[in-house]
Structure formats: C-alpha cells, structure tokens
Amino acid sequence: MGRRSGVLEFAVLGLLHDAPMHGYELRKRLNILLGTFRALSYGTLYPCLKSLVAQGFLVEDNPDVEYVPATALNGKRSKIVYRLSPEGKQRFEELLADSGPDAWEDEHFGVHFAFFGQTDRAVRMRVLEGRRSRLEERLERMRNSLARARERFDDYTIELQRHGLESVEREVRWLNELIETERANRTGRTGPATGGNPAAGHPKTSDGRGQETGSPDPSGPPYDRPGRSAQER
C-alpha cells in the first residue's frame, strides 16, 4: 500500500471509529482532518472505501440502495452508511500503535497527532520524539544549505530559505513543549490540554493590550492543520 493511501486508510478508520457515517459526511470530515489545501475528491475516497469493505474492515449499511452520483440537477448522494467491523477496529488499533519512522513523516505525523487522544502515552512519546529527531536532522541540512546560499543567491531566495528554517525551528520548539507535557503527565490515555489540535499546543497569554501571545504563527509548520503534507524544506 502506498504512503498516501495508507494515510487515507488510517484517517477513514479513525473517523469511523468515532461513529458510522455516509460518504458525504465522511468526505467533509476528512477534508478538515487532512487539510484544506489537500481537498479530497469522491474519486479518491470511494475506491478507498470499497477496498476497506473488500478487506472486511468496513461494513456497508443499506447496501442495496442504488448509488446515483450527485449532480447540480438531481442533488442525490449515496445513502450507504459505513461503519467499522470488528476487524476494522482491530486494524485501527494496529495503526494507532505504530510508532515507527513512517509515523514521523509529514503526512503521517499529522494524522497520528489527530488521534493522539486515543493513543497510549508511550506511543505518543515515541512518535513525538521520533518526529523531533527527524526535524532536527532536517534543521541541520537547512542550516548548511542556508550558509552556502549566502554566497550564491540573491536576498529574496535567502529570505525564503530563512523562512523555511524558522518554520521548522518553531515546530521543534512546539514538539519540545509537548514532550515535556507528556513526561509530566503519566496518567495514561489522556491527551494534552490542546484538545488534539496542534495549533492549541501553545499557551496563550496577554501582552497587556488585550492581544493574545503565544499562539502559533499562521505561516508556521503545517501541523496546525493535521495531516497536511509539507514540502521538504
């Protein structure tokens, strides 16, 4: 299974673990989870759903209802509702427990983080520490690249590289905060006070003018929107 299809499978199983959904509602939830800049089409979702049904991970309710594609004229949508089978629940638990290198990559990390509230603390720690290690390696490469770029590129190209460097540095600081929180919180399957949203992982304080500080920079790391793919910087 490809990396992108693996991310989609994990996201579908995770959302359906909460409650059964029909395809239209599932697509809306997936677009929120995976990021607005990676809109998910029915042409991508339905083959995934059919594959998961064929593997026995999903069950279709009302499978005899004929599917009529929605158009501007008929407004019809599939009435099939998808829910997890016992095998699907087991598969989701297996994916949830995965803390290997794939879980540290950009797309996988965002989806893993979205389901941290259902993940064991030990797995959360391994994923967070692995992600931090991966980004620290990336930082070293970016700093070396920026040092070389000063001699070869114009100021705008250098600023673009500096912006990417600062974005990764911000994410490393954010990961450090989360790791410290996890180390202090040893109560088991409870998540940080962010409510599962990385954007909320930064405490907010007042700067004395009614302006909140400490909230993430909107131009910062892509994990303010879990699952959004990031370019290698």
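Q: Among contacts between residues at least 6 apart in sequence, what share joins residues at least 24 apart?
A: The share is 64%, where a contact means heavy atoms within 4.5 Å. The model is a predicted one, in which local features need pLDDT of at least 70 and side-chain atom pairs count only at pLDDT 80 or more, while totals for chains, interfaces and linings use all residues. Residues are numbered from 1 along each chain as its sequence is written, and side-chain values use heavy atoms, with hydrogens and water left out.

Q: How many helices and strands does the chain have?
A: There are seven helices and five strands. These are DSSP runs numbered from the N terminus, with at least four residues (H or I) for a helix and at least two (E) for a strand. Along the sequence, the pattern is α-β-α-α-β-β-α-α-α-α-β-β.

Q: And how much of the chain is buried?
A: Of the 233 residues, 42% are buried. Buried stands for under 20% relative accessible area, exposed for over 50%, and partly exposed for values in between (1.4 Å probe, protein chains only). The chain exposes about 12,700 Å², and carbon and sulfur atoms supply 50% of that area. Areas come from the Shrake-Rupley method with a 1.4 Å probe; for residues, only the protein chains shown count as cover.

Q: Which residues have the most contacts inside the largest nonpolar core?
A: They are Val-12, Leu-13, Leu-16, Leu-26, Leu-30, Leu-49 and Leu-58, in a core of 29 residues. A nonpolar core is a set of buried Ala, Val, Leu, Ile, Met, Phe, Trp, Tyr and Cys residues joined through side-chain atoms within 4.5 Å.

Q: Which elements give two or more residues to this core?
A: Helices H1 (3–18), H2 (23–34), H3 (42–54) and H4 (86–96) do, together with strand E3 (81–84). H1 gives the most, with eight residues.

Q: What does Leu-13 touch, leaving aside residues up to four places away in sequence?
A: Leu-13 touches Leu-52, Phe-57, Leu-58, Leu-84, Gly-88, Arg-91, Phe-92 and Leu-95. There is also a second, separate core of 22 residues, which includes Leu-139, Met-142, Val-172 and Leu-175.

Q: Changing topic, how many aromatic pairs are there?
A: The structure holds seven aromatic pairs. Rings of Phe, Tyr and Trp (its six-membered ring) pair if their centres lie within 6.5 Å; planes under 30 degrees apart are stacked, those over 60 are edge-to-face, and the rest are tilted. Phe-10 and Phe-115 form a tilted pair, with 5.5 Å between centres and 50° between the planes. Phe-10 lies in H1 and Phe-115 in the loop between helix H5 (106–114) and H6, so the pair ties together parts that are 105 residues apart in sequence.

Q: Is Phe-10 buried or exposed?
A: Phe-10 is buried, at 4% relative accessibility, and Phe-115 is buried with a relative accessible area of 4%.

Q: Which residues do ring pairs link into a cluster?
A: The cluster holds Phe-109, Phe-113, Phe-116 and Trp-174. Phe-113 is buried, with a relative accessible area of 2%, and Trp-174 is buried at 2%.

Q: Where is Arg-124 placed?
A: Arg-124 is in helix H6 (residues 121–152). It is buried, with a relative accessible area of 0%.

Q: Which side chain does the side chain of Arg-124 meet in a polar contact?
A: It is that of Glu-182, at 3.0 Å. A polar contact is a pair of N or O atoms within 3.5 Å; within protein, one must be able to donate a hydrogen and the other to accept it, and residues adjacent in sequence count only if both atoms are side-chain atoms. The side chain of Arg-124 also reaches the backbone oxygen of Thr-119 at 2.6 Å.

Q: Where does Thr-119 sit?
A: Thr-119 is in the loop between H5 and H6, and it is buried at 3% relative accessible area. A polar atom of its side chain lies 2.9 Å from the backbone oxygen of Phe-115.

Q: What should helix H7 span at 1.5 Å a residue?
A: The 30 residues of H7 (residues 155–184) should span 44 Å, and its end C-alpha atoms are 43 Å apart, which agrees. The expected span is 1.5 Å times one less than the number of residues in the helix. At the start of H7, a side-chain oxygen of Asp-154 comes within 3.1 Å of the backbone nitrogen of Tyr-156.
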